Every structure is written in C-alpha cells, then in structure tokens.
Amino acid sequence: MDVPVSEDDSFGIEVILTEGETKAPSCPHGPTLLFEKLSKGEERGRRFYACSACRDRKDCNFFQWQDEKVSEARLLARQAENQARRPAFTHQQYCSRFKKFVSLLEDDKKFCQDCQMLFLPGELNAHASHKSRAISVAQLRKPSVLLCPLENKKSNAQYLFTDRSAHFLLNTLAGNGYSKVLCVGTPRLQELIKMRNLDGKHETMKSLLLDIDFRYAQFYGQDEFCHYNMFNHHFFEGEASSAVLQAFLSESDGKKVVMVADPPFGGLVKPLASSFSLISVAVKSMDMPMIWIFPYYFESRILECLPSLIMLDYQVDYDNHPLYKHGKTGRKQSPVRLFTNIPPGEVILPEEEGYRFCSICRRYVWSLNKHCAECNICPSKDGREWKHCSVCEKCVKPSWKHCQSCGRCALPNHPCGQGQGMEGCLNCGSVKHKYKACPLKDGRNPSHHPFLNPRAKRKSGAARKAKKTAAVST
Ligand code: SAH
Ligand code: ZN
Ligand code: ZN
Ligand code: ZN
Ligand code: ZN
C-alpha cells in the first residue's frame with residue numbers, strides 16, 4: 001500500500017556509523033559524522049560529513065560531501081581553523097595555574113566573568129576592563145554555579161540539575177553500592193560527589209567528568225576531568241586522556257562503577273549509544289551499569305540501540321530550564337527520564353514526591369501511572385493517567401480518541417489519513433508524519449540539525465497556528 005507522506009516527513013537524514021572503513025575528516029570537535037540525506041523514492045541518498053557535536057551552522061559549519069575532492073589549500077585552512085579553536089591552555093597548564101591560584105591570598109583570587117576563567121595576579125591587566133569578581137574557596141568547589149551555563153539553544157544548552165534531582169541520583173547510586181561514578185555531561189553530579197566526600201561521614205566516592213565544556217579543566221585535575229565529545233567518543237587531549245578513562249574503569253580496585261550521562265537533548269541517539277557502548281566494553285566483567293538521562297519520547301530510539309535499558313518514571317528537573325523548572329503553581333512535569341540497566345526495583349523513587357511501588361511490575365512508578373489489568377503494565381510515559389482503548393487493545397494518552405478512519409487512537413485534531421499498521425507520530429498519533437515533523441508539538445524539539453531539517457524554516461501558516469494551540473490541546 002502507498003502510504004501518504006507529507007512533504008517534510010521522516011525522510012530526513014540518517015547517521016551512518018561505519019567501522020573505520022575510511023577516516024572521517026575532522027572539525028574542531030574531532031572526527032565528523034557521516035550522514036545520508038534521503039529523498040523520496042530514492043534508495044540511497046547522498047552522503048556527507050558534518051560536525052558530530054553542533055546542531056547549528058553558526059557553531060561549526062563543517063560540511064563535505066563524501067565523494068568530494070578537497071584541495072590542499074582547503075585542508076590547510078581547515079587544519080589552521082581546528083588549531084585556532086583549541087583551548088588557550090592544555091589541561092596540564094590549567095592544573096598548574098590552579099595550584100598557583102589556590103595558594104593566593106583571598107583578595108587575589110579572581111574570576112573573570114567575561115572570559116569565564118580564573119586568572120592570576122600577573123594577568124590583571126588583560127582583564128582590567130572586564131567584569132571580574134573575587135572567589136572564595138567554597139565557590140571554587142562549585143564550578144557549575146560559578147560558570148554561566150552555555151545557552152546555545154541547539155547543541156550546547158546546559159541544563160543543570162535541581163538540588164533535588166542531583167541528590168536523588170547521588171543517593172540512588174550510593175544506596176546501590178556504587179563508589180565510582182563516570183559523569184558524562186553531568187558536572188553538577190560530579191560536584192555533589194566531591195562535596196559529599198568532604199563531609200567525612202561517608203565512604204569516599206570517586207568520580208570522573210567527561211565533558212566538551214573545557215572551562216571545567218580549570219577546576220579539576222587530570223584524573224577528574226577529560227575534555228571529551230560524546231557524539232564521536234573523541235578525547236581532545238588524545239591518548240593520555242583516554243588512558244585516564246581506561247584506568248578509571250579498570251576493576252583492579254574492586255570498586256563498583258556506574259556511568260551517568262545527560263546529553264544535550266538535540267543529540268542524535270545512534271552516535272550517543274555507540275559511544276556509551278565503547279565506554280562500557282572497558283568494563284569487562286559485566287554489562288556496565290548506566291543511567292542515560294533523556295526525554296521519554298526518545299524511548300523507542302534508545303531501546304533500539306541499547307535494548308538492555310529500561311525507562312523509569314522518575315522525572316528529572318532542572319534549575320535553569322524555561323519549561324521544566326518548578327513554577328509557582330507546582331511544577332510543570334518534566335519529560336526527562338532515566339534509562340537504565342540497573343534493575344528497576346533497585347531504583348527507589350521517593351514516595352513524598354508522588355511515586356509508588358507497583359508490586360506487579362516490580363518497579364516504582366508515578367502515582368498517576370495506574371496499572372492496567374488488560375495490558376498488565378503501568379503504561380503511562382508522560383506522567384498523565386492513560387486509558388485503555390479496547391479497539392487498539394492498548395493504553396493511550398488521555399487526550400487521544402479512537403479514530404475510525406485511521407483505525408487507531410490519535411489527538412482529535414490530528415491530520416487524518418489512512419495508513420494502518422504504520423507506527424504513527426508519538427505526539428498526536430497521526431500516521432502522516434513522525435514526531436520530528438509534528439505540527440501539534442510544543443516544547444523541546446528533539447532534532448534541529450541545519451542539514452537534518454532543511455525545510456524547518458518554511459512552516460506553513462496553518463502549521464504555525466496549530467503549534468500555538470498545541471499547548472492547550474495535547
Ligand atoms: N544536568 C547536568 C548537565 C546536563 S547539560 C548537570 O546538572 O550536571 C549537558 C552537558 O553535556 C553539559 O555539561 C555540556 O557541556 C555537555 N555536553 C554538551 N555537548 C557535549 C558533547 N558533544 N560531548 C560531551 N559533553 C557535551
Ligand atoms: Zn564541529
Ligand atoms: Zn577577562
Ligand atoms: Zn491497557
Ligand atoms: Zn484506539
């Protein structure tokens with residue numbers, strides 16, 4: 001049967017993960033990824049290399065067709081550009097600066113807000129016209145508070161855990177006997193672990209932060225931080241740096257290790273899963289326990305790549321996210337969840353925050369996630385109470401109605417069409433498009449790569465209107 005497809009449908013761009021056949025060219029963010037642009041009716045699209053980390057051309061405009069011949073001059077220019085975009089200091093240099101810094105008198109410990117760096121008395125002139133402030137020892141221990149979050153909407157947005165979520169994670173890990181935590185893109189968790197060690201009441205936990213934000217190199221030693229890109233498993237400081245990870249994961253110290261990753265949500269699932277798999281093979285005796293923090297609507301994509309993970313109901317919230325922080329009228333529910341291979345019964349979700357234990361599913365669920373006798377699961381994904389549709393023989397979102405012509409449940413105002421059996425849009429239920437292209441969707445857009453979504457700018461008036469009303473209609 002011919003499935004009707006609207007013009008900006010899921011025919012988009014795929015990441016092609018090849019295993020070292022040909023070497024990908026590098027941008028300032030390490031080896032680029034190979035993408036394939038599929039067009040309607042074509043079996044094989046044209047392939048090109050683009051930045052693994054940046055969803056926005058403004059941040060990294062690397063582009064090269066796979067079959068393109070690149071001139072010597074362009075290669076040299078590229079090399080120069082990659083060199084120019086390296087951090088001002090090596091991590092080792094940052095460490096010796098830090099040593100000097102902590103030995104300074106209280107009044108001489110200064111942080112430049114414009115340059116986002118700790119500077120030494122001899123450098124005062126260079127920052128004379130900048131905004132700078134004195135730094136206490138306590139502040140040095142909380143770099144995630146000191147540094148202003150990178151706000152680049154698309155690729156590098158930094159959403160910091162609320163105290164509540166950070167403590168929940170830490171207590172869960174400690175409670176399950178993990179004493180080594182690999183923090184991938186979770187600077188605030190690393191910070192909390194180090195603070196906890198200071199109080200002397202607990203057994204010390206080790207942590208290692210892997211992050212692309214090299215501002216953290218100013219605060220952490222070489223065994224505590226690696227400048228790392230999680231979309232291509234690239235260590236910016238080369239082998240010495242990846243050896244730090246190897247040593248951390250080695251089991252010779254008998255400590256139980258766990259990984260906690262909170263990637264940017266615009267990120268591509270496949271390359272992330274590939275990097276996490278590469279990390280986990282270093283732990284030889286078992287499946288490395290991990291927690292991957294990501295929005296619930298990526299569940300099927302994540303499980304496709306890493307089938308041993310299970311999505312938990314816990315809602316992660318963030319201090320500085322415009323949509324998912326606590327409001328005056330109680331918190332707006334966050335769509336961000338934990339995906340983990342830790343047995344779900346071992347992750348105790350706090351009752352006082354509205355979670356309960358389902359003894360049939362043997363896991364903790366959100367209070368509104370009622371067990372369905374027919375499906376024999378607690379079906380809700382989004383925090384609302386779902387209802388069972390006897391025609392579809394499954395539970396669906398409360399706002400969905402069974403649609404005769406689609407032969408399935410969907411939002412009442414979904415774009416109606418035929419296409420039984422096809423997996424529809426996760427947001428409105430329509431089979432005409434996938435989640436990515438849903439005109440009724442609000443909130444965070446999961447994928448906005450300039451090359452992935454060439455038509456994103458050309459939204460029709462109707463689609464824009466529909467999007468506006470979506471906030472009330474979903
Ligand atoms: N909730 C976390 C922060 C998550 S924000 C906390 O409170 O600790 C995403 C984090 O991933 C940021 O620290 C950001 O610098 C990092 N990041 C973004 N892109 C990355 C990449 N390509 N590789 C590694 N880290 C990345
Ligand atoms: Zn790049
Ligand atoms: Zn400055
Ligand atoms: Zn059901
Ligand atoms: Zn139905």
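Colleague: What should I know before I start?

Modeller: In this predicted model, local features need pLDDT of at least 70 and side-chain atom pairs count only at pLDDT 80 or more, while totals for chains, interfaces and linings use all residues. Residues are numbered from 1 along each chain as its sequence is written, chains are lettered from A and ligands numbered from 1 in the order in which they are written, and side-chain values use heavy atoms, with hydrogens and water left out.

Colleague: Which residues of α7 are buried?

Modeller: An α-helix has 3.6 residues a turn, so residues three or four places apart point the same way. Here S241, L245, F248 and L249 are buried in α7 (buried is under 20% relative accessible area, exposed over 50%, partly exposed in between, with a 1.4 Å probe and protein chains only). They cover an arc of only 100° around the axis, so they lie on the same side of α7; the arc is that of the directions from the helix axis to the C-beta atoms. The face turned away from that side carries the exposed E239, A240 and A247. Helices are DSSP runs of H or I with at least four residues, numbered from the N terminus.

Colleague: Which residues coordinate the zinc ion (ligand 4)?

Modeller: Donors are N, O and S atoms within 2.8 Å of the metal (3.2 Å for Na, K and Ca); water is not among the atoms, so sites may look incomplete. C372 (SG), C375 (SG), H388 (ND1) and C395 (SG) coordinate this zinc ion at 2.0 to 2.3 Å. In sequence, the spacing of these donor residues is C-x2-C-x12-H-x6-C.

Colleague: Are H388 and C395 buried or partly exposed?

Modeller: H388 counts as partly exposed because its relative accessibility is 28%, whereas C395, at 10%, counts as buried.

Technical notes:
Helix = DSSP H or I, 4+ residues; strand = E, 2+ residues; numbered from the N terminus.
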